[in-house]
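Have a look at the structure first.

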Amino acid sequence: MKTILITGGAGFIGSNLVEYLVEKYPNNHFVNLDMLTYAGNLENLKSIENANNYTFIKGNICDRTLVESIFTKFKIEGVMHLAAESHVDNSITNPDVFIETNVKGTFTLLDVAYKFWMEKPFTYKKEFKNSRFLHVSTDEVYGTLGKTGLFTEQTPYAPNSPYSASKASSDMIVRSYFHTYGMNTVITNCSNNYGPKQHDEKLIPTVIRKALSGEIIPIYGDGSNIRDWLYVLDHCKGINLAFRKGISGEVYNIGGKNEQNNNYIAQRICELLDGIQPLEKGSYKDQINYVEDRAGHDFRYAIDASKIENNLGWKAAENFDSGILKTVEWYFNKYKNK
Ligand SMILES: NC(=O)c1ccc[n+]([C@@H]2O[C@H](COP(=O)([O-])OP(=O)(O)OC[C@H]3O[C@@H](n4cnc5c(N)ncnc54)[C@H](O)[C@@H]3O)[C@@H](O)[C@H]2O)c1
């Protein structure tokens, strides 16, 4: 049975991915290595926690001895690397841990995989000849866009926050292991995800939570910042396709062609909540309030996903209307009794 290591599998995207893969591939074994920082939550994995093809290990990707022991014990044949510090606001107040986890952690995993799978540069050990390292990254590495244009895989890197700089650095290290050692690597750069199991601190859960608790719904600046929103399961399917069918050394952008500004997101959520649990008077929209903008706030991100669509046959199944409704319903059930 082929064993695949997934890092960060207790986080938002990781837990959606682990659940999807454990159910889809009963003949693969999935080992989830996650340190359970404030962002990791085993509640996210309840549905598969007892599955025969799933193992959870609590630990730090920077701990080389631990990572080596996992590769040896489970004969790891593939890595899907998602563990990271992921919240831009936290990277502004506390950048150190972003460099540690996102840069050093990625390096540690890569280097252990290289030494475990390969005899020397460009020569894989026979039993690991198809082993692949897939690195999950973000569109934020490309910097910010003006009103027009899209990020392609050729867009030069221009990260603007400590978070995106740490992710860009990790992408560069992955790239170097492909070029220097001939390691079988693939990188995916995805736009903003939304959907179930995201941490409370992120925009969409915050809007829903604050709306339901009767608090002010804080929106940065004037709310005009634009993101390209992708339903999390569509991202997971893209990661899986890139892992199984992508070409070694290639980069694939993943995005939903769903550009929305923060004002639209907040208003749409309030409209849906107005339908699900109407207030006695007025609308949840009345709680929206503008707060001081995030330092260095990128104006717009938008992805050209034609490479993964044309070459690997990926396509987003969810459109924004259907995805946001599912999402609001999921968080409504989570928060309604709190
Ligand atoms: N959320 C998005 O919109 C988005 C978009 C594109 C790319 N990404 C990337 O996808 C990946 C997952 O993002 P997410 O939103 O699920 O993040 P998340 O913050 O929800 O989850 C991160 C997970 O990593 C774990 N972790 C953190 N540091 C660790 C360490 N040192 N060792 C082991 N585990 C550790 C946490 O416990 C958590 O479970 C990240 O690499 C992120 O950069 C996210």
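## The second largest pocket

On a 1 Å grid over the protein atoms alone, a pocket is an open set of points where a 1.4 Å probe fits, with protein on both sides within 12 Å along at least five of seven lines, and lining residues have an atom within 4 Å of a point. Grid points are joined across faces, edges and corners, and a volume is the space filled by probe spheres set on the points. This is a predicted model, where local features need pLDDT of at least 70 and side-chain atom pairs pLDDT 80 or more, while totals for chains, interfaces and linings use all residues. Residues are numbered from 1 along each chain as its sequence is written, and side-chain values use heavy atoms, leaving out hydrogens and water.

So how much space lies in the second largest pocket? About 330 Å³. It is lined by 16 residues, and Glu 153, Arg 175, Ile 187, Gly 249 and Val 251 are the closest to its centre. Helix 5 (162-181) and strand 8 (185-190) are the elements giving two or more residues to the lining; helices (H or I, at least four residues) and strands (E, at least two) are DSSP runs, numbered from the N terminus. Helix 5 gives the most, with five residues.

Helix 8 (residues 262-276) has 15 residues and reaches 21 Å from first C-alpha to last, close to the expected 21 Å (1.5 Å times one less than the number of residues).

Buried residues of helix 8 include Ile 265, Ala 266, Ile 269 and Cys 270 (buried is under 20% relative accessible area, exposed over 50%, partly exposed in between, with a 1.4 Å probe and protein chains only). Their cover includes helix 6 (203-213) and helix 10 (320-335), where contact means heavy atoms within 4.5 Å. Helix 6 has buried residues too, among them Ile 204, Val 207 and Ile 208, and helix 8 and helix 10 are part of what covers them.

## Positive phi angles

Just after helix 6, Gly 214 takes a positive phi of about 75°. Leu 36 isn't a glycine, yet has a positive phi of about 55°; this residue sits in the loop between strand 2 (28-34) and strand 3 (54-58) and is partly exposed at 25% relative accessible area.

Lys 257, also not a glycine, has a positive phi of about 50°. Its loop runs between strand 13 (251-254) and strand 14 (259-261), and Lys 257 is exposed, at 63% relative accessibility.
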